[in-house]
Amino acid sequence: MKPLKKVRGEIRRKEIQLAALQAELKDLRAQEQQLENTEMISAIRNAKFEADDILRLISALKKGGSAPADLLPSLGLEPDATEPSENKEESLHETV
């Protein structure tokens, strides 16, 4: 009976560890979502578009599924030309 007790004890310890890891993973996913949202909001604010322009862009993305940069000219929009080229390269790498 001793080996059975030992195995059951190990199972309980592993279940506790698993529950802790699942809780940590849940927290990390929530942090990831929050950071993604913050980045998106920052990108939209830095683009300096009007609210109507953003809504039209989102609507066009939903309908067409094209890349945002491809849709801007067809919507009569142009991104802020003052954005440093470093940021453009960085954002290209992030999307790949």
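**Exercise 1.** In which helix do Glu10 and Arg13 lie, and how many residues apart are they?

*Solution.* The model is predicted, so local features need pLDDT of at least 70 and side-chain atom pairs count only at pLDDT 80 or more, while totals for chains, interfaces and linings use all residues. Residues are numbered from 1 along each chain as its sequence is written, and side-chain values use heavy atoms, with hydrogens and water left out. Helices are DSSP runs (H or I, at least four residues), numbered from the N terminus. Both Glu10 and Arg13 belong to helix 1 (residues 2–47), with a spacing of three residues, about one turn of the helix.

**Exercise 2.** Find the salt bridges of Glu10 and classify the accessibility of the residues involved.

*Solution.* Step 1: a salt bridge is a side-chain nitrogen of Lys or Arg within 4 Å of a carboxyl oxygen of Asp or Glu. Glu10 pairs with Arg13 at 2.7 Å, N to O, and with Lys14 at 3.8 Å, N to O. Lys14 and Glu10 are four residues apart in helix 1.

Step 2: buried means under 20% relative accessible area, exposed over 50%, and partly exposed in between (1.4 Å probe, protein chains only). Glu10 has 33% and so is partly exposed. Arg13, at 45%, is partly exposed, and Lys14, at 46%, is partly exposed.

**Exercise 3.** Is Asp53 buried or exposed? Treat its partner Arg56 likewise.

*Solution.* Asp53 and Arg56 form a salt bridge at 3.1 Å, N to O. Both lie in helix 2 (residues 51–64), three residues apart. Asp53 counts as buried because its relative accessibility is 16%; Arg56, at 40%, is partly exposed. Elsewhere, shared partners join Glu10, Arg13 and Lys14 into one salt-bridge network. The count is three salt bridges.

How values were computed: Helix = DSSP H or I, 4+ residues; strand = E, 2+ residues; numbered from the N terminus.
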